Amino acid sequence: MTESTFHKGNADQAELDNFNRLSNTWWDTEGEFGALHKINPFRLDFIRRHQTIENQSILDIGCGGGILSESLAVAGAQVTGIDLADEVLTVAKLHGLDSGVKVDYQLIAAEEYAQSNRERHDIVTCMEMLEHVPDPASIIQAASDCVKPGGWVFFSTLNRNYKAYLLAIFAAEQVMNLVPKGTHSYEKFITPAEMDEMARQADLFLRDSSGIEFNPLLNRYGLSDKVDVNYLLAYQKAE
């Protein structure tokens, strides 16, 4: 596939290389991406608060190895997963062949995909991805472009504050090895207020928010009302 302008302009190649390097561990539930497996059921629960998944057309932006994409497909959705990490996407495709779960995986930038798929999907998800790109507003606009009027867009990302740095980088990466070292850059974390400003400019309106509690020491995982570290946002596109 020919690299697009968007591929070069709104992707951090070092981050893509890091994810590609670890691609073979994506589906190891006790491995370096085990945290994603543990929080995935709660991401599905948050989506179901607002919209049924069955028979919905869903776009998963930054699908990675397909953890969320496959779960959405198992729940009855028609899922398209897009990403720019080619080796990770290959893992997603191979896992789908093994599991028998059908997802349309494409190596394409969100902005490029949006050009030919405007208002196509009932739901768009973009989980744990915005904090890895140079221009998150561009991804948010692409998500809005791809969803139908009145449709839902779900984001999850990391807040930017001292607590988030301590838990998501110092503890999770450097002390407990819960996620691969170098996964996160603090300066790319996004506050909820910044998220909402970018979303409103893309004609998306906030309907709900939730924190994701992730405490491996106490073995506690789930949704919470605190958005100070990991958080989820549900947006609806203007009719």
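## Asking how the terms apply

Modeller: Let's start with Asp-208, which touches Phe-46, Arg-49, His-50, Leu-232, Leu-233 and Ala-234, leaving aside residues up to four places away in sequence. Contact here means heavy atoms within 4.5 Å. This is a predicted model, where local features need pLDDT of at least 70, side-chain atom pairs count only at pLDDT 80 or more, and totals for chains, interfaces and linings use all residues. Residues are numbered from 1 along each chain as its sequence is written, and side-chain values use heavy atoms, with hydrogens and water left out.

Biologist: Thanks! Where does Asp-208 sit, and what makes it count as buried?

Modeller: Asp-208 lies in strand E6 (residues 204-215); strands (E, at least two residues) and helices (H or I, at least four) are DSSP runs numbered from the N terminus. Its relative accessible area is 18%, and buried means under 20%, with exposed over 50% and partly exposed in between (1.4 Å probe, protein chains only). Asp-208 is therefore buried. One of its contacts, Leu-232, is 24 residues away along the chain, with 8.3 Å between the two C-alpha atoms.

Biologist: How much of the protein is buried, and how many helices and strands does it hold?

Modeller: Buried residues are 54% of the 239, and the protein has 9 helices and 8 strands. Of the contacts between residues at least 6 apart in sequence, 72% join residues at least 24 apart.

Biologist: Why is helix H7 described as largely enclosed by the rest of the structure?

Modeller: In H7 (residues 136-146), 8 of the 11 residues are buried, so the helix is largely enclosed by the rest of the structure. The buried ones are Pro-136, Ile-139, Ile-140, Ala-142, Ala-143, Ser-144, Asp-145 and Cys-146. Ser-144, for instance, has a relative accessibility of 1% and so counts as buried. Leaving aside residues up to four places away in sequence, Ser-144 touches Ala-202, Leu-204 and Lys-237.

Biologist: H7 also packs with H9 (residues 192-201). Why is that pair called oblique?

Modeller: The angle between H7 and H9 is about 45°, with the axes 9 Å apart. Axes are lines fitted to C-alpha atoms, for helices over the stretch in contact, and angles run from 0 to 180 degrees between N-to-C directions. Under 35 degrees is roughly parallel, over 145 roughly antiparallel, 65 to 115 roughly perpendicular, and the rest oblique. H7 and H9 are therefore oblique to each other. Pro-136, Ala-137, Ile-140 and Gln-141 of H7 meet Met-195, Met-198, Ala-199 and Gln-201 of H9. By class, that contact has 6 nonpolar, 2 polar and no charged residues, where Ala, Val, Leu, Ile, Met, Phe, Trp, Tyr, Cys and Pro count as nonpolar, Asp, Glu, Lys and Arg as charged, and the others, Gly among them, as polar.

Biologist: And what makes H3 oblique to H4?

Modeller: H3 (residues 34-48) and H4 (residues 67-74) pack at about 45°, with axes 10 Å apart. That angle makes H3 oblique to H4. Leu-36, His-37, Asn-40, Arg-43, Leu-44 and Ile-47 of H3 make the contact with Ile-67, Leu-68, Ser-71 and Leu-72 of H4. These divide into 6 nonpolar, 3 polar and 1 charged.

Biologist: Last one: how many disulfides are there, and are Cys-126 and Cys-146 buried or exposed?

Modeller: The structure holds 0 disulfides, a disulfide being a pair of cysteine sulfur atoms within 2.5 Å. Cys-126 has a relative accessible area of 0% and so is buried. Cys-146, at 1%, therefore counts as buried too.
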